[in-house]
Amino acid sequence: MEYVDLFLIHWPLSLKPGRYEFPVRKEEISPMDFGSVWAAMEDCQRLGLTKSIGVSNFSCKKLADILALAKIPPAVNQVEFNPLWNQKKLREYCKANGVLLIGYSPLGASGTLWGSSRVLENEVLKEIAKAKGKTVAQICLKWAFEEGVGVIVKSFNVERMKQNLEILDWSLSEEERKRIGDLPQSRGCTGESFVSENGTFKTIEEFWDGEV
């Protein structure tokens, strides 16, 4: 490829050069030099190697650190987003600063190492889906769409891909949106793999700058 559409900093940390495997070896994690890394990202855009640049898994504080030094601000912040982790504070911060929030794992990442079925099995979402004659997945995607968040969907199932596109000709009611907005909140992807007592990030709270 001559260029990519979007080039992201995947996590706000650095690993030893040439090393990237999961789970991450915590002794190989070090603080990221946001200034030099973001300057290199900007160079990639100026050179035409990417149309847009952005970040992923950045808290409000870490995003503010990038914005404070950026000549080209990040186009997006790609983070975990679903009805059980609605990122309200981060959404408001991104909107105020012209950064598009893109949500990964909008259905809770069931089947992954860190995800679960807690979103798809949520009783409130099931009730709304039944009343609408829709799937829980469609309710989650429609809710995200109405919240102004871009979502990343992943399926190899033709029927599910078709259902993903069938969310544009109906709406959630104000009461349904409120019920979803009132759901208890907790992260699915905690970042625990990057936290250690003697490491760069000693607690999950520190890693997310209190946004847990």
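1. Contact here means heavy atoms within 4.5 Å. The model is predicted. On that cut-off, F34, G35 and W38 in helix 1 meet K62, D65, I66 and L69 in helix 2. By class, this contact holds four nonpolar, one polar and two charged residues.

2. Now the geometry of that pair. Two packed helices are described by the angle between their axes and the distance between the axes. Helix 1 covers residues 34-46 and helix 2 covers residues 60-69. Their axes come within 10 Å. The crossing angle is roughly 65°. The crossing of helix 1 and helix 2 is right-handed.

3. Five strands form an open sheet in the order 1-4-5-6-7. The pairing is parallel. Which strands stand at the edges? Strand 1 (4-9) and strand 7 (150-151) do. Each has a single partner strand, so one side of each is left without a neighbour in the sheet.

4. One pairing can be followed at residue level. Strand 5 (residues 76-80) pairs with strand 6 (residues 100-104) in the parallel sense. Five bridges join strand 5 to strand 6. V79 stands opposite G103 in strand 6.

5. The largest pocket holds about 1000 Å³ of space. Its lining is made up of 36 residues. Nearest the centre of the largest pocket lie S105, A109, S110, T112 and K154.

6. Which elements give two or more residues to the lining of the largest pocket? They are helix 5 (136-146) and helix 6 (158-165). Helix 6 gives the most, with three residues.

7. What is the class make-up of the residues lining the largest pocket? The lining divides into 15 nonpolar, 18 polar and three charged residues. K154 is among the residues nearest the centre of this pocket.

Methods
Residues are numbered from 1 along each chain as its sequence is written. This is a predicted model: local features need pLDDT of at least 70, side-chain atom pairs count only at pLDDT 80 or more; totals for chains, interfaces and linings use all residues. Side-chain values use heavy atoms; hydrogens and water are left out. Axes are lines fitted to C-alpha atoms, for helices over the stretch in contact, and angles run from 0 to 180 degrees between N-to-C directions. Helices (H or I, at least four residues) and strands (E, at least two) are DSSP runs, numbered from the N terminus. A crossing is left-handed if the near helix is turned anticlockwise from the far one by less than a right angle, and right-handed if clockwise. Ala, Val, Leu, Ile, Met, Phe, Trp, Tyr, Cys and Pro count as nonpolar, Asp, Glu, Lys and Arg as charged, and the others, Gly among them, as polar. On a 1 Å grid over the protein atoms alone, a cavity is a set of points where a 1.4 Å probe fits but cannot get out, and a pocket is an open set with protein on both sides within 12 Å along at least five of seven lines; lining residues have an atom within 4 Å of a point. Grid points are joined across faces, edges and corners, and a volume is the space filled by probe spheres set on the points. Two strands pair if DSSP finds at least two bridges between them.
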